[in-house]
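Morning, everyone. Let's go through one model together. Please have a look at it before I start.

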Amino acid sequence: QNQVGQPLIVGPILLLMRDRLSAEAVTRGAALLLDLSQVAPWARSGQNLVWISSCTVYRGCILDRVEDLTAAFGAIRNELRISTVEGVQADFSFHQHGPQLQNGGYGHEFTLFVSRWAALAEGTRFGFGDEAKGNLVSLVLDGSRWMVRQRNFDLSARGRGISMPWTAEYATALIPVARQLAAIYPARADELKAFAEHIEGRGAPASVVGNKYFWRSDFMAQQRPDYYFSVKMCSSRTVGTELINRENLLGYWLSLGLTNILHDGDEYKGIFPVWNWAQLPGVTAPDCVPSMLKFQTNLADFVGGVSDGSIGAAAMVLQKDRLSGRKAWLLFDRAVVALGAGIGCPDDAAVLTTVNQCLLRGEVQADGQPVESGKAQPVSQWVSHDNVGYVFPDRQKAVVRAGPQTGNWRQICEMLTTDPVTKPVFSLFIEHGAKPRQAGYAYFILPSASREETAAFAEKPSLEILANTPVLQAARELRSGIAELVFYEPGTCALKDGGEVTVDTPCLLIIKPRENGAVITMATPLRTTKQVTLTLRAGAKRQTLVFPLPEGVRAGESATQEVVW
């Protein structure tokens, strides 16, 4: 607050009032506006650097020091390079406080500040140039746009900001940003204007359509006009979330497979003071919340995703404290297959996999019957709520609850109030019991489905689970034959009509059959792997492919090849 917050307030006031203040007051005030030579190392990269540089811009204007403007605009412009540390990443996610996804947190502030300075500097000696402006536009369109649904950022992109109520509807601040950037970067002006109109609610129902895996940040988003679905993971390479300034006090299990299911973007808006933080959507964890560390992570290396731009799969070896397991999300066009295997924990607290916990909107039905308010009810086959269907293909201890939950903001952010907050909440979870060994789960999510469509899917699924073990998790779409597979070890998986696929290295695959072959997209979370050998067999036909894999900052990105028989 002393090095960043106060100067950002003082700077504009001094600039506006300098002609009406004494010279002594201006000098004393300008001395509060530090530059990078006067601040701690934490303020020398990413948005922290931009904040300090902004103060230096104010000082230069107040004192008529062109050298301050040159240094400050140069530092801001330099932060628009592709970074391997904090700042803009090669996949256009944004990192701050280590390799931590922050597009809706520090990256959001970065976008607001830098776009303003870029617009002001346009046409002057301090202008940013096409490469820097192109990276800034890509941060918005190829990064943050994938994490926005109407007025809201995906909560996984907001960092510890979810513990503060004023970060709700944060995406609305991107409306003037998109218009500023459209004026100075005409090559993508139409996309920027369409993005602004989407946030305003008068444009397309989705900010973008397709699937993207952010390999630098362990995050996948899939958008369609009628739904949004995302998965946030973390690995030994990334930071999942943080506790700073006593903000995010209950976020211990965040980022260990957190899923978001959205239509209009308000499904989790303001839920955080009443959330059961031991039961986060998509997460497998003990039914308790340990004290937060400064930075939370997962010890496993095998965390990654594969995307062909339309659909994708994400997978994570879970290795947190004494909790372990294998988790996969196979994102097809109209459904998501969620699989868990090898789940174990020797502790006494019961372990749960939470399917969803969101705001309650409308009636909940389980197996065709209404769910009573406040009552936990077992589920046999399916649940429908808010035009989302949840289907359980096997007998599992699934439980649904719908009713009021009460909490307060201070339990998650120490600076806030203890005034009680009560909201209606929908919760659906699977019980694995205490001290599970080799437990598992399987469920389908229909992110845009009526009650009738959910019941019909439960009766006759359009997807088939091919495997759900600690070494292989896979499913395929019956009509198209599209398969998504996660190999935790080298091995073979049987496909339809007697076909099979074999790989010599752990990896994730999407196989899309064609009349005379197939299109195969592959990625491996093991970043030291330079190539994967794959053999595809269909009847008597057999073909072997060698996939050279991206390296360096692009390690973990997907690669595609085509098989022609």
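At what angle do α3 and α5 pack, and how far apart are their axes? The angle is about 35 degrees, and the axes are 9 Å apart. Axes here are lines fitted to C-alpha atoms, for helices over the stretch in contact, and angles run from 0 to 180 degrees between N-to-C directions.

Some ground rules. This is a predicted model: local features need pLDDT of at least 70, side-chain atom pairs count only at pLDDT 80 or more, and totals for chains, interfaces and linings use all residues. Numbering starts from 1 along each chain as its sequence is written, and side-chain values use heavy atoms, with hydrogens and water left out. Helices (H or I, at least four residues) and strands (E, at least two) are DSSP runs, numbered from the N terminus.

Back to the helix pair. α3 passes α5 in a left-handed crossing. Left-handed means that the near helix is turned anticlockwise from the far one by less than a right angle; clockwise would be right-handed. On the α3 side, the residues in contact include Trp 51, Val 57 and Tyr 58. On the α5 side, they include Tyr 106, Phe 110 and Trp 117. Contact means heavy atoms within 4.5 Å. By class, this contact has nine nonpolar, four polar and two charged residues. For the classes, Ala, Val, Leu, Ile, Met, Phe, Trp, Tyr, Cys and Pro count as nonpolar, Asp, Glu, Lys and Arg as charged, and the others, Gly among them, as polar.

α5 has another contact, with helix α6, residues 130-143. These axes come within 11 Å and cross at roughly 145 degrees. This crossing is left-handed too. From α5 come Phe 110, Thr 111, Val 114, Ser 115 and Ala 118; from α6 come Leu 136, Leu 139 and Val 140. That makes six nonpolar, two polar and no charged residues.

Now empty space. Rolling a probe the size of a water molecule over the atoms shows where it is left. The work is done on a 1 Å grid over the protein atoms alone. A cavity is a set of points where a 1.4 Å probe fits but cannot get out; a pocket is an open set with protein on both sides within 12 Å along at least five of seven lines. Lining residues have an atom within 4 Å of a point. Grid points are joined across faces, edges and corners, and a volume is the space filled by probe spheres set on the points.

The largest pocket has a volume of about 900 Å³. Of its 32 lining residues, the closest to the centre are Gln 1, Trp 51, Tyr 106, Arg 160 and Asn 245. Which helices supply at least two lining residues each? They are α1 (5-17), α3 (46-63) and α5 (106-121). α1 gives the largest share, three residues. The lining has twelve nonpolar, 13 polar and seven charged residues.

Next, the cavities. There are three of 30 Å³ or more.

On to the sheets. Strands of a sheet pair through backbone hydrogen bonds, either parallel or antiparallel. Two strands count as paired if DSSP finds at least two bridges between them.

Five bridges join β5 to β6, residues 219-224. Phe 214 has Phe 219 as its bridge partner in β6.

Another open sheet has six strands, β25-β26-β27-β30-β31-β34, again antiparallel. Why is one side of β25 and of β34 left without a neighbour in the sheet? β25 (463-468) and β34 (559-564) stand at the edges, and each has a single partner strand. The twist averages 15 degrees from one strand to the next. Five bridges join β26 (472-477) to β27 (483-487), and Gln 473 stands opposite Val 486.

Last, β23, residues 421-434. Nine bridges join β16 (350-359) to β23, antiparallel, with Leu 352 partnered by Glu 431. Ten bridges join β22 (398-407) to β23, also antiparallel. There, Arg 401 has Ser 427 as its bridge partner.
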